[in-house]
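Q: I would like to learn how to read a structure one feature at a time. Please give me the general idea and then the case shown here.

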Amino acid sequence: MTKRDFPKIHFYDQDFVDIYDKTWNWLSDYWINPETGENDSDDGLFVYPTNGKLILDQAESIFSSFFLVYSNRNYPAYKNIDYFYDRQEASGAIRWKYDMKTNKPVVDKKNPEGIGLPLFAWAEFNLYHKSANKKRIKEVMPVLQKYMEWIDKNFKQPNGLYSVPHEASSMFNAPRKGCYYPVDFNSCMAINVAHMSALGDILNDKDLSFQYKRMYFSLKTRINGLMWDHETGFYHDLDKNEQKLPQKTIAGFWPLLAELPNADRADTLIAHLSNPKTFGTDHPFPSLSADSPDFKESGEGYKGSVFASMNFMVIKGLEKYQRYDFARECSIRHLYYILEGLSPANAKVKGDLYEAYLPYKEGPASCRGEKDFPRKKLLHYTGLSTVALMIENVIGLNISLPRKTVDWIIPNLEIMGIEKLSLKRNLITILSNKSKRGWEIQMESEKLYYFTINILNQKKKTLPIPSGKCSMLIDKL
């Protein structure tokens, strides 16, 4: 397969298609062989050079796997993650950052243990559904179990919550002073144990599944009991005395992805995302609530900037509560601001892809004292928007190889779809077009799969799609 054989997308706005294509083209510059320093996708790792150093970041590596799964295996989504597994210590520890030249952990005085957000099981669950590789789950499970045991032993407190430095989330200057129990880390633990349970189910290991399911419900009870504030309708960090800290940060939306709030609380929390006084800014979603005294319209790092990784997390959380239309609307708005940053209206200003954007107008955020902020072409995160959100939320495709299913949620009838997406050894094409006979879905596949189409929340049907070419008229569904 040549490097040009990435899946093609079709969408009525060609700018969206162009930025998707450019992301794959830019990627080769950041796939670096640590021994030679050369761009090498076969022996390389996906790394962003920082101050002349090749530092591999745990969060960047986990998040990037969610869009690398769509590269038709040109760029293996698991390579960076395996690098972290290979560095696991006898204690079970896996540190948040490593220097690729020395393979040694990068130590930070604010985070001396080098703990990162524990999301490996979430990534592995997604990799499984895009590869159907059960053997891999069996191989990585002991690594994941040892890692969880290390976190429990070192960071779990008598009240059942976890205490880690809030810097573990990489929200470097967020106003979280006094934070002892971070809401994002605890929610990520809930996400991880929920997916550990699901991986146990895949391995038909009932004991493993039950063990982590019990941990999930225990965490869910504690987070909901201690971190939810009825007055603000939000999840907050806690201080050492279990008192809620006043700030509303983007970290308070991780519980959506962990499926912690009940329906009423979810409605209240999600309402913040369209409230202009809190998180409903023009460019969704700022890293700090707009009604905070520390909020800055210039972004100022995590005091208001919009980050692609955080938007991905929020949008995937919206999906958990079936808010597909809102998730799509926010994805499209977010992508338009990314496009504006790439081709600014002011011809004198050179555009680019940025790590962080302004909340109220187009262009990159800023941060005094941080000359490297925002980083340009940090594809580990922006690829989540230009590829993963594009396929999953704008076009609306959800694919599971082990289940042999493709779900397509179409909120509007538009010319769009995907062409030659490699699912293991099966290339599939799904396109919607308007023909003389009306709106038509055209499909091509080398193997049978099950296709569920949900149109405008009015028509929903599951059909077996045979190998070869076929089409269906929407009016006849």
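Q: Which exposed residues does the face of H9 turned away from its buried side carry?

A: This is a predicted model, in which local features need pLDDT of at least 70 and side-chain atom pairs count only at pLDDT 80 or more, while totals for chains, interfaces and linings use all residues. Residues are numbered from 1 along each chain as its sequence is written, and side-chain values use heavy atoms, with hydrogens and water left out. Buried means under 20% relative accessible area, exposed means over 50%, and partly exposed is in between (1.4 Å probe, protein chains only). On H9, the face turned away from the buried side carries the exposed residues Ala263 and Asp264.

Q: Which residues of helix H9 are buried, and why are they said to line one face?

A: Helices (H or I, at least four residues) and strands (E, at least two) are DSSP runs, numbered from the N terminus. Helix H9 covers residues 263–271, and its buried residues are Arg265, Ala266, Leu269 and Ile270. Seen down the axis of H9, these buried residues fall within an arc of 130 degrees, so they line one face of the helix. The arc is that of the directions from the helix axis to the C-beta atoms.

Q: What do the buried residues of H9 pack against?

A: Contact means heavy atoms within 4.5 Å. The buried residues of H9 pack against several elements, among them helix H7 (206–226), helix H10 (308–320) and helix H11 (324–342). Strand E8 (228–229) and strand E9 (234–235) are also among these partners, as is helix H8 (254–257).

Q: Where does Cys330 lie, and is it buried or exposed?

A: Cys330 lies in helix H11. With a relative accessible area of 0%, Cys330 is buried. Not counting residues up to four places away in sequence, Cys330 touches Pro284, Phe285 and Ile315. Gly280 is 50 residues from Cys330 along the chain, and the C-alpha atoms of the two are separated by 9.9 Å.

Q: Which peptide bonds are cis?

A: Most residues other than glycine have a negative phi, and most peptide bonds are trans. In this model, the bond from Pro284 to Phe285 is cis, with omega near -5 degrees. Phe285 sits in the loop between H9 and strand E10 (306–307). A cis peptide bond also joins Phe373 and Pro374, with omega about -5 degrees. Pro374 belongs to the loop between strand E11 (356–357) and helix H12 (379–395).

Q: Which residues other than glycine have a positive phi?

A: Glu242 has a positive phi of about 65 degrees although it is not a glycine. The loop between E9 and H8 holds Glu242, which counts as partly exposed at 31% relative accessibility. Lys377 is another case, with phi near 50 degrees. Lys377 is in the loop between E11 and H12, and is buried, with a relative accessible area of 17%.

Q: What does Ile391 touch?

A: Ile391 has its place in helix H12 and is buried, with a relative accessible area of 0%. Leaving out residues up to four places away in sequence, Ile391 touches Ile9, Tyr20, Tyr70, Gly396, Leu397 and Ile418.

Q: Is Val107 buried or exposed?

A: Val107 is exposed, with a relative accessible area of 66%. The loop that holds Val107 runs between strand E7 (104–105) and helix H4 (120–131). Trp96 is eleven residues from Val107 along the chain, with 9.0 Å between their C-alpha atoms.

Q: How many helices and strands does the chain have, and why is it called as compact as a globular protein of that length?

A: There are twelve helices and 19 strands in the chain. The radius of gyration of the chain is 22 Å, close to the 23 Å that the globule rule gives for 477 residues, so the chain is as compact as a globular protein of that length. The radius is taken over C-alpha atoms, and the globule rule is 2.2 Å times the number of residues to the power 0.38. Of the 477 residues, 59% count as buried. Among contacts in the chain with a separation of 6 or more, residues 24 or more positions apart account for 62%.
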